[in-house]
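Let's take a walk through this one together. Have the structure open and follow along as we go.

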Amino acid sequence: MTPALTVHGLRKAYGSTQALRGVDLEVGEGELVGLLGPNGAGKSTLVKITCGLVRPTAGAVSVCGSPAGSGAAHAALGYLAELFRFPDWCTADELLGLHQQLSGSAGGAAERAALLDLVELGHVPDRRVGEMSKGMQQRLGIAQALVGAPRLLLLDEPTSALDPTGRRTVRALLERLRDRGVSVLLNSHLLSEVELVCDHVAIIDHGEVVSAGTPAALVRAGGVEVETAAGTRTFTEARREDAPRIVRELVAAGEDVYAVRVLTSSLEDVYLEAVGA
Amino acid sequence: MTPPGGLRAALVVARFGLRESLRRRVFVVVALLTLAFLVLYGLATWQAFEATDDFDGVGTAGVEPDVVVGATLAGLAMFAILFLGTILAVFLTLGAVRGDAERGLLQPLLVRPLPRRVLLLGRWLGAVAVCAPYVILVALAAFVITWALGGWWPDRLAGPLLALALGVAILAALSLAGSILLAATANGIAVFMLFGAGLTAGLLGQIAEAIGSDSLDRVAAVATWALPFEALYQAGLSELTADTVGFTRLAIDLGPFGGAESGGPLLWLWALAYLALVGVVAVAAFARRDL
């Protein structure tokens with residue numbers, strides 16, 4: 001099966017500044033991949049090259065088997081930029097109508113209504129963009145990105161303007177999209193969000209992928225903590241499987257055990273370590 | 001799902017631009033200001049023909065005063081209309097690429113299967129669909145006013161109207177091309193400076209004609225052809241009185257809008273080639289631009 005996104009040896013230089021230094025990345029069919037990294041790490045550049053908005057210096061990017069920037073690649077993807085804006089004079093319905101026309105979608109009014117419902121804007125199809133809150137505009141942006149049922153969705157900080165309820169809505173939406181086989185590359189600073197929904201995570205820093213894997217594989221065992229009558233004892237090298245043995249030995253040694261905790265590093269710890277913070 | 005072809009997609013972009021102009025009430029403002037211009041023009045025309053009534057049969061030496069006044073006023077109107085059309089063309093296009101990209105408006109559109117050259121074509125078509133009919137209609141209105149108040153009508157009608165329309169189409173293309181490299185304000189200034197340079201070249205040609213300087217005339221000709229909207233305006237002016245002869249012709253040539261070069265069919269071909277050239281340069285520059 002052709003991956004939704006393949007990035008190979010991607011480099012981008014802006015003058016003497018190296019934004020990307022040979023990035024390799026793959027997003028499989030129906031996979032939800034989180035892209036993490038500090039500001040200026042190269043995440044948005046990677047997404048923009050995938051969208052054909054920025055020309056790479058070297059390397060190759062293909063979207064569903066077609067080179068990034070080609071008509072077929074454009075037809076296969078949906079995109080919500082980090083710093084986006086829609087014409088403030090047009091309504092939500094008109095905006096989606098424009099994108100339907102440009103993408104060649106034959107979904108008509110039914111598709112527009114379904115997309116607005118999906119992002120909980122179904123009650124305001126005729127509201128002008130200029131009269132919407134930033135959060136509503138961001139949800140409209142997600143609906144816009146979904147016009148024409150793209151196979152790959154590129155979302156650059158899609159929840160930055162949303163309140164916790166809005167974020168939960170987007171999380172649920174992403175999970176529903178994954179179930180439908182849509183691949184998503186999610187660029188976000190919200191580690192908890194990425195940890196909750198993403199199948200894979202890639203951490204990028206100074207234009208390079210410095211860590212990648214499933215969230216479960218990235219978070220490492222951090223020891224076992226046991227609460228006894230004598231106080232809390234930490235076995236730093238121990239893993240989850242070692243917990244029963246440790247408890248047995250402590251009880252055999254006459255200690256009273258009140259609680260056992262298996263410690264793991266969080267994605268935040270992994271991220272901070274990977275980017276050297 | 002089949003994305004629209006080149007021209008169809010360009011028309012989608014053009015229609016969206018027109019809808020924006022309608023929604024933002026651009027046309028209402030333009031219509032009100034144009035109405036004010038035409039009223040002022042009518043008053044001036046009425047006063048000018050009233051004044052020439054005193055000349056009838058008194059020392060006019062074979063010159064038809066109404067023709068001189070009518071042609072001069074129509075020449076003035078054409079200049080004002082070209083200026084108004086230029087303002088419209090510039091304001092509809094000055095931030096079309098860099099301005100819209102900096103505001104984040106452009107990227108969502110270009111992620112669609114919409115080639116950059118098609119987006120440029122659409123924005124240009126949208127601007128021309130407003131500016132070209134505008135200059136044609138306002139020039140026609142000015143000619144009708146001149147005829148109604150003084151009985152003068154241009155010797156030829158199509159030439160001046162088409163010259164104005166093609167002139168603003170070129171200015172819209174220059175402004176659109178400028179918007180790829182320059183920020184909106186800088187682009188607006190640059191296009192108006194080009195417009196001023198064209199105007200200066202035209203005036204230079206008239207000075208050359210008055211003092212009989214061939215070399216100055218050549219400089220003016222080269223400059224007006226380098227900025228063909230000015231050469232087209234001059235051609236349109238010359239068509240206004242193409243069939244006027246004798247002392248009346250001489251009197252018109254001595255006026256501020258006399259002595260214009262017609263340019264001939266070559267000018268029209270050059271103007272179209274110039275338009276195509278601006279388009280090619282714009283497409284090449286846009287293709288290289290990171291957004």
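Predicted model: local features only at pLDDT ≥ 70, side-chain atom pairs only at ≥ 80, totals over all residues.

While you're in chain B, find Arg156(B), in the loop between helix H6 (116–150) and helix H7 (158–181) of that chain. If you set aside the neighbours within four places in sequence, Arg156(B) is in contact with Glu239(B) and Ala242(B). Phe37(B) is 119 residues away from Arg156(B) along the chain, and the C-alpha atoms of these two residues are separated by 23 Å.

Over to chain A. Its secondary structure comes to 10 helices and 13 strands, and its C-alpha atoms fill a box of roughly 75 × 45 × 35 Å along the principal axes. Of the 277 residues in chain A, 42% are buried. Take the contacts in chain A with a separation of 6 or more: 67% of them are between residues 24 or more positions apart.

The domain assignment gives chain A two entries, domain 1 (5–217) and domain 2 (219–274). The C-alpha centres of domain 1 and domain 2 of chain A lie 40 Å apart. Where they meet, the contact takes 9 residues from domain 1 of chain A and 6 residues from domain 2 of chain A. On the domain 1 side, helix H7 (191–197), strand S9 (200–205), strand S10 (208–213) and helix H8 (215–218) of chain A each supply at least two residues. By type, the residues on that side divide into 6 nonpolar, 1 polar and 2 charged.

Next, zoom in on strand S8 of chain A, residues 183–187. Why call S8(A) largely enclosed by the rest of the structure? Because 5 of its 5 residues are buried. Follow the side chains along the strand: Ser183(A), Leu185(A) and Asn187(A) point one way, Val184(A) and Leu186(A) point the other way, and all are buried.

S8(A) has strand partners to look at as well. It pairs with strand S3 of chain A (residues 32–36) in the parallel sense, over 4 bridges, and there Leu32(A) has Val184(A) as its bridge partner. Strand S7 of chain A (residues 152–156) also runs parallel to S8(A), joined to it by 5 bridges. In that pairing, Leu153(A) stands opposite Val184(A). To get from S7(A) to S8(A), the chain crosses through helix H6 of chain A (residues 164–179), and this β-α-β crossover is right-handed.

A couple of backbone spots in chain A deserve a stop. Most residues other than glycine have a negative phi. Glu120(A) has a positive one, near 60 degrees. You'll find Glu120(A) in the loop between helix H4 (108–118) and helix H5 (134–145) of chain A, and it's partly exposed, with 15 other C-beta atoms within 10 Å. Ala149(A) isn't a glycine either, and its phi is positive at about 50 degrees. This residue sits in the loop between H5 and S7 of chain A, where it is partly exposed, with 15 other C-beta atoms within 10 Å.

Finally, step back to see how the chains meet. In all, 25 residues of chain A are in contact with 23 residues of chain B. Which elements of chain A give two or more residues to that side? They are helix H2 (71–76), strand S6 (77–80) and helix H3 (92–103) of chain A. H3(A) gives the most, with 5 residues. Sorted by type, the residues on chain A's side of the contact come to 14 nonpolar, 9 polar and 2 charged.

Definitions and conventions:
Residues numbered from 1 in each chain as written. Chains lettered and ligands numbered in written order. Contact = placed C-beta atoms within 7 Å. Nonpolar A, V, L, I, M, F, W, Y, C, P; charged D, E, K, R; others polar. Buried ≥ 20, exposed ≤ 12 C-beta atoms within 10 Å, placed from the backbone. Pairing = 2+ DSSP bridges. Right-handed = clockwise from strand over helix to strand, strands pointing away. Domains from an automatic or database assignment.
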